[in-house]
Amino acid sequence: MRAEVLVVGGGLGGVAAALAALRAGRTVLLTEEYDWLGGQLTSQAVPPDEHSWVERFGITASYRALRDGIREHYRRWYPLTDRARRATALNPGAGHVSRLCHEPQVAVAVLEGMLAPYRGSGRLRVLQPYRPVAADTDGDQVTGVIAAHRHTGDRLHLTAPYVLDATETGELLPLTGTEYVTGFESRADTGEPSAPEQAQPTNMQAVSVCFAVDHVDGDHTIDKPAAYDFWRAYRPPFWGDRMLSFRSPNPRTLEISERSFTPNPDDDPWLVQADQRVNPGDGNLWTFRRIAARRNFAPGAYDSDICLVNWPMLDYFEQPVIDVPDPDARIAAARELSLSVLYWLQTEAPRADGGTGFPSLRLRGDVTGNGTAGTGGDVTHSGLAQAPYIRESRRIRAEYTVVEQDLSLEIRGDKGAVGYADSVGVGMYRIDLHPSTGGDNYIDVASCPFEIPLGALIPRRVENLLPAGKNIGTTHITNGSYRLHPVEWNIGEVAGLLADFCLARRVTPRAVRYTPACWPTSRTASPTKASSCVGPTSPATEEGHISMKIRLTAAVALTALLGLTACGGDSAESDGPATLRMTIWSANEAHLKLFNEIAAEYTANKPEVAAIDFDPIPLENYTTTLTTQIAGGNPPDLAWVMENAAPDFVNSGALVPLDDTLKATEGYTFDELAPAATRLWQADGKLYAYPFSTSPFGVFVNTDLLTEAGAKAPAELISAGQWTWPNALAAATAVQAETGKAGLVVRDFDYKSWDYLSTVWTGWGARAWSEDGKTCGFNSPEMVDAMTALHKAIFVDKALPGPGTTADFFAGEAGMTIAQISRASLLADQKFDWDLVPLPAGPKGEYAVIGQGGMGVLKKGKNAELAADFLAYLTNPANSAKLAQFFPPPRTSLLTAETLAKTNPLLSPEQLQQVVIDGIADGVVKPSHTGQAELNQAVRAALDPLWQPNADVRSVLDGVCSTINPLLAK
């Protein structure tokens, strides 16, 4: 049997991979060992483990469709109460572990529904229950996979140009000879602080065989399991008690904690707060992973709640189940442990009334698809979950391996997780490792929201095998964050899209990562010739230069995504006062304090609005995250918009025109908004966003460091008429050489956000593109001169920190930084003397560069009218004066040094005049263009070779223009 894409393993990653390839028009073979598709969500019976923001953002659109489909299935087919049916964020089980605890067969129905059209068309063939048993290879290619029927042993030979391993344990890796690792890597290999000194390849996380129970009248005690006496007496050295008890280590503190167990507590499902940041939720094990709360259903529909048992005492860590002679025997032992847990609960578990045992617990094999209600006894037909919950798989030796240092909160701090140049997805979960077969206790490490690098999906040698699940390039430690439901789905979806991408362009996944010519300028671009897209014959080192920066995300379709919002707003569904949400890119405490104060004043006199949530999104990913929320059906009510995204937002119809609301607001004085400030935010005579910040860039100076370095202070150079780029860079070089601190930092550039370099190149008279936006300016003589000077300053003079090096001026780590005045609040408590001066003069003389931020109302937001009213209040003359301490306003009455000084006590009138007032009068705005998201990625990728010591500046800049000229011509 043959198809264009073969997906082996029908778990979450496998289904997502198949759907992605099918939606791209491919034919797909999908195999699955068990009776249900869906893996950990279904056959393993694990309710979704998800991050706290899942209802709003941080998942792919197709994963959101799966979640929405599960809720809609309940609304359509289940006897919900009226209150439950109306709930937008319905949680059928009201479990504490997830905002969407549900019965596994509901997910099966939804997944089958998502696949049904492709089965009907014949482009998808699902082979169940088949598991891989052998494979054919030819050098670095997988040429076929042999799958055997689980019951009969009948074999099928399956072939495809691309083979995706979505099995739970990375079964294809040993079968195909693909290099892989298992267990715990050594600290010498990964540098991870939580890793052991020596590698431990057989030290793997526990597996668990889950089961469901309810609590109804009668004695439903199962037969005593054969291994019960062993497990009843079993006492791990770090457990603090027998394993079959309600005492066990707290995963985060390792202190011994005692949990309770109260079946059917008759609690109100609406009071359950499924947010593990606030409460782990495992105090009462019954409600921890409850998958059906009877009070969500019509009276009498459910005799009992249904509780999914996936608790600490279920963890089997006696022996590994991967790369052992008889894995089935190990899994059978894990099933014995699960049955022993159930038998202990029914016969010996302590009750609150002083008695022992809960004989009315009934095993619900019908819920897990492995028997009827009450089934129990033998291991094979036990009524437990169909498949064991596998937390840790074999993992490919990848082009890039994600390590603890990439996402650990303790290590990364407020910098957030490492941003990968080849990011293809996002996720968030603590590094959560269960006890392991090497005798380790829990390992729990707080993490940052993280990205999924494409390099982690590419094996170091094999060309046409892609991982599509927990088998990507993570370590034993980071697997603890990347193994959860939405991340596995994201990985699978990327694998399916990558297979399609490579088939369409006749290139390899490795070439996609390493070759700029392979990057698509649009989804419909014609395939690139293979000869122009051949990757290196041997992979670069993991820290090597990545010239391909593909993002298989919404970035290349920003305008299209925003266009989806132009059809009109959704009506509010709440029965009570609305809560407005506004996305911003600042997490500055002083900013948030002021916003919340203004919001509190507004809501005190506006009963229709209960609260206003200001939702900070990291600057680097702001526009991508915002457009993903919009495309995923979760738009905010209001949003800040960056100047480089203004053309797309304004021209797409995504925003509500503001003129009528603002003009009708008493005392607003709309006419005093400066035309120069509003120009970027207008179309067809309508204002679509209020330019709340028109802020020139200046240079903050640590005068103490410059004095220590023996360099002249910029103020002295300004007085002498010598504040020029050569002198500024010379001072920066002196700071680095004499103090070891960074000389000059272009704030927020970080070798990613290239448009911040306009604060430098504008001094040479350079522009990213022509005034009409149709001609590339990167290879102009002015730009070549500017970038040559910058390259020399970085790699020869060391005036600026190089790639991969960070320095925070506001923490005293740099002599100078280019930033806007909103950063001044960070200097309130600094011990060093500092100054703020204009940008240095360039060869073309003095100049200024402006960054703008607009504030708009999303047309698809559920409260557009109220949101516009709040925007009018937030930006009225009185509140504009308050905001002016951070954000220079567009109101002409406030644009005086004296007025701004009243709300900017850290800055002198002279500084405000030179940097802000004069800068607004003479400055140019940072580069902006329609299709800016796609242009951003294209320029960023094409500029990447520049950040090497031996780069040919002119050649790189010629390459930038070759890349973006087709985009500018659209």
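Where is the place of threonine 478? I looked, and threonine 478 sits in the loop between strand S20 (465-467) and helix H13 (479-482). My note on terms: helices (H or I, at least four residues) and strands (E, at least two) are DSSP runs, numbered from the N terminus.

Before going on, I wrote down that this is a predicted model, where local features need pLDDT of at least 70, side-chain atom pairs count only at pLDDT 80 or more, and totals for chains, interfaces and linings use all residues. Residues are numbered from 1 along each chain as its sequence is written, and side-chain values use heavy atoms, with hydrogens and water left out.

**Threonine 478, continued**

I checked its cover next. Threonine 478 is buried because its relative accessible area is 0%; buried means under 20%, exposed over 50%, and partly exposed in between (1.4 Å probe, protein chains only). Leaving out residues up to four places away in sequence, I found that threonine 478 touches Glu192, Val402, Val403, Glu404 and Leu407 (contact means heavy atoms within 4.5 Å).

I found a cis peptide bond between glutamine 128 and proline 129, with omega at about -10 degrees. Proline 129 is in the loop between strand S3 (124-127) and strand S4 (130-138).

Then I looked at positive phi values. Asparagine 264 has a phi of about 45 degrees, although it is not a glycine. I placed asparagine 264 in the loop between strand S11 (256-258) and helix H8 (285-288). With 17% relative accessibility, asparagine 264 counts as buried.

Threonine 669 isn't a glycine either, and its phi is near 50 degrees. I traced threonine 669 to the loop between helix H20 (659-664) and helix H21 (675-678). Threonine 669 counts as partly exposed because its relative accessibility is 44%.

**Helix H18**

How many of the 10 residues of helix H18 are buried? I got seven, so helix H18 (residues 622-631) is mostly covered. The buried ones are Tyr622, Thr623, Thr625, Leu626, Thr627, Gln629 and Ile630. Just after H18, I noted that glycine 633 takes a positive phi of about 80 degrees.

**A charged patch**

Last, I went to the surface. Asp704, Glu708, Glu738 and Asp833 gather there in a patch of negative charge. Patches are made of residues with over 30% relative accessible area and no salt bridge, with like charges joined within 9 Å and nonpolar side chains (Val, Leu, Ile, Met, Phe, Trp, Tyr) within 5 Å. A salt bridge is a side-chain nitrogen of Lys or Arg within 4 Å of a carboxyl oxygen of Asp or Glu. I followed up glutamate 738, which lies in helix H24 (residues 725-739). Glutamate 738 counts as exposed, at 54% relative accessibility.

Technical notes. Accessible areas come from the Shrake-Rupley method with a 1.4 Å probe; for residues, only the protein chains shown count as cover. Lys and Arg count as positive and Asp and Glu as negative; His and the chain ends are not counted. The place of a charge is taken as NZ of Lys, CZ of Arg, CG of Asp or CD of Glu.
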